[in-house]
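Dear colleague,

Please find below the structure that I am handing over to you. My notes on it follow directly after.

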Amino acid sequence: MSVNQVLVPIEFHTRAMMLTLLWRCALPAASTTLAHANRPVTFACAETVRFAARQFSSNYGSPSETHSKSSIVWVGGLPYSATASDMMQHFGEFGTIKRIQMQANAIGSPKGSCLITFSSPAEAAAALAMDRHTIGSRWMAVKLHRQKNSVENAPVIKPSSTIWIGGLPFKTSDADIHERFGSFGSISNVRFTERYDGKPTGMCYVTYSAPEAAEAAAASMNKATFGSRYVHVKLHFDQGTIKPPRKADDQVKTVRQDQVNRVYFGNIPFTTTETELAETFASCGDLKDVLIYRDKNHRSRGHGYVQFKDAGSAAAAVRDLHGTIVGGREMSVEVPKAMRAAVAAVATSTTVRVTNLPVDLENDTLRSMFDHCGAISHLRRASDNQSALLVFDSPEGAQEAQGLAGADIEGRVIHVQLTEEKDE
């Protein structure tokens, strides 16, 4: 159903009355009959839908809710950063709002939902017209709420004294943060996040001594310039332990990273050690592991594997070190036959898949996290907003982006993998 449609669940005796009212509100965009219940009625603009819903609910009450005594609506799918003021702006037109309660989880962090109490059931019914409308990048769900006890006993959001900053220049120091953000209040702690190799991610957390200072900093500094870059600033709420959202059996075309980053070597002298091999393979890139297979007496079998941190380094090792003389013997360096095509494809891929993203992370914020690595030609977000495909202009940019695997974005540890998956 489009935003220009309103679902009309009405009984036979009210159809004529509803049709008359809708035609008074505005001429429908196309000829429409109400011969059947739950028939979408299309209008020329979405504003007409809201007006019609308000008028009908105020004069007659929604037929499906005529006897409802609830003056409360539940709104879900909100960004964690949404405030009571935002809700007032979106829902104030439907009537007098007596109370807005932003809902929290057990530890006092936002749940992405709220309860809005209107002065009458008719006004609450009219507000249902906002169901499936957007707020920021999210789709709202709006329903009548009848559990009065939960309104009184629901947890309250605890004010946050911490902000998250993303998109910082890599050379940003603790002193730079104090200089730009210290004017909002006393800063008690600054924590920069790092990649697995110790390099900066361009993100940090700043904790103030008072929540008011954090709120002021987030309001004033979001999308402000910091050096040559625009930074993104949000209040940070502790979401507790967050499990990765993706299941192990998700059907994607991503080749397992431990396979495409690994090469196998053979025909080395039995006296060669892992340390000596590490020195040889380090010329191709950063290493994660070197293993020589050994028998039960710990004697070398003359072969093993090297695990790199990225697929590009693994491909370079096959290209540059196969046939290298080690201790008087010609060492072989290769990948299993079944993996050769996949390794070659992934090593030259310009696409990475990023998973475990915060659901309310905006696309321009995500882009700013990765444009340090190289020019991004396209970004496509999954329907659940928790993963994305980033397409770079070059394989080097995609390989550099892998370095952000394990980075902390608004309390979530993200996963980044080169992928053969193509953006459609």
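**Aromatic residues**

One aromatic cluster is formed by Y264, Y293 and Y305. Please bear in mind that the model is a predicted one. The ring of Y305 also has the charged end of R262 over it, 4.0 Å from the ring centre.

The count of aromatic pairs comes to 6. One of them is formed by F181 and F226, which are stacked, with 6.5 Å from centre to centre and 25° between the planes. This pair links distant parts of the chain: F181 belongs to helix α6 (residues 174–181) and F226 to strand β12 (residues 225–226), 45 residues apart. Both F181 and F226 are buried.

An open sheet of 4 strands runs in the order β10-β11-β9-β14, with antiparallel pairing. Its edge strands, β10 (187–194) and β14 (232–235), each pair on one side only. On average, neighbouring strands here are turned by 20° against each other, direction ignored. Strand β9 (residues 162–166) and β14 run antiparallel and are joined by 4 bridges; I165 has V233 in β14 as its bridge partner.

Two helices can be described against this sheet. Helix α6 packs on it and touches β9, β10, β11 (200–208) and β14, with a direction at about 130° to that of β10. Helix α7 (residues 211–221) also packs on the sheet, where it touches β9, β11 and β14; its direction makes about 150° with that of β14.

Another open sheet of 4 strands has the order β16-β17-β15-β20, and its pairing is antiparallel. Strands β16 (287–294) and β20 (332–334) stand at the edges with a single partner strand each, so one side of each has no neighbour in the sheet. Neighbouring strands of this sheet are turned by 20° against each other on average, direction ignored. Between β16 and strand β17 (residues 300–308), which run antiparallel, there are 6 bridges, and the bridge partner of V290 in β17 is V306. Helix α9 (residues 274–281) packs on the sheet and touches β15 (262–266), β16, β17 and β20, its direction making about 135° with that of β16.

**Helix α10**

In helix α10 (residues 311–321), the buried residues include A311, G312, S313, A314, A316, A317 and L321. After α10 comes G323, which has a positive phi, near 90°.

With kind regards

Technical notes. Residues numbered from 1 in each chain as written. Predicted model: local features only at pLDDT ≥ 70, side-chain atom pairs only at ≥ 80, totals over all residues. Heavy atoms only, no water. Phe/Tyr/Trp six-rings, centres within 6.5 Å; stacked < 30°, edge-to-face > 60°. Buried < 20%, exposed > 50% of the residue type's maximum accessible area, 1.4 Å probe, protein only. Lys NZ or Arg CZ within 6 Å of the ring centre and 35° of its normal. Pairing = 2+ DSSP bridges. Axes fitted to C-alpha atoms, helices over the stretch in contact; angles between N-to-C directions. Contact = heavy atoms within 4.5 Å.
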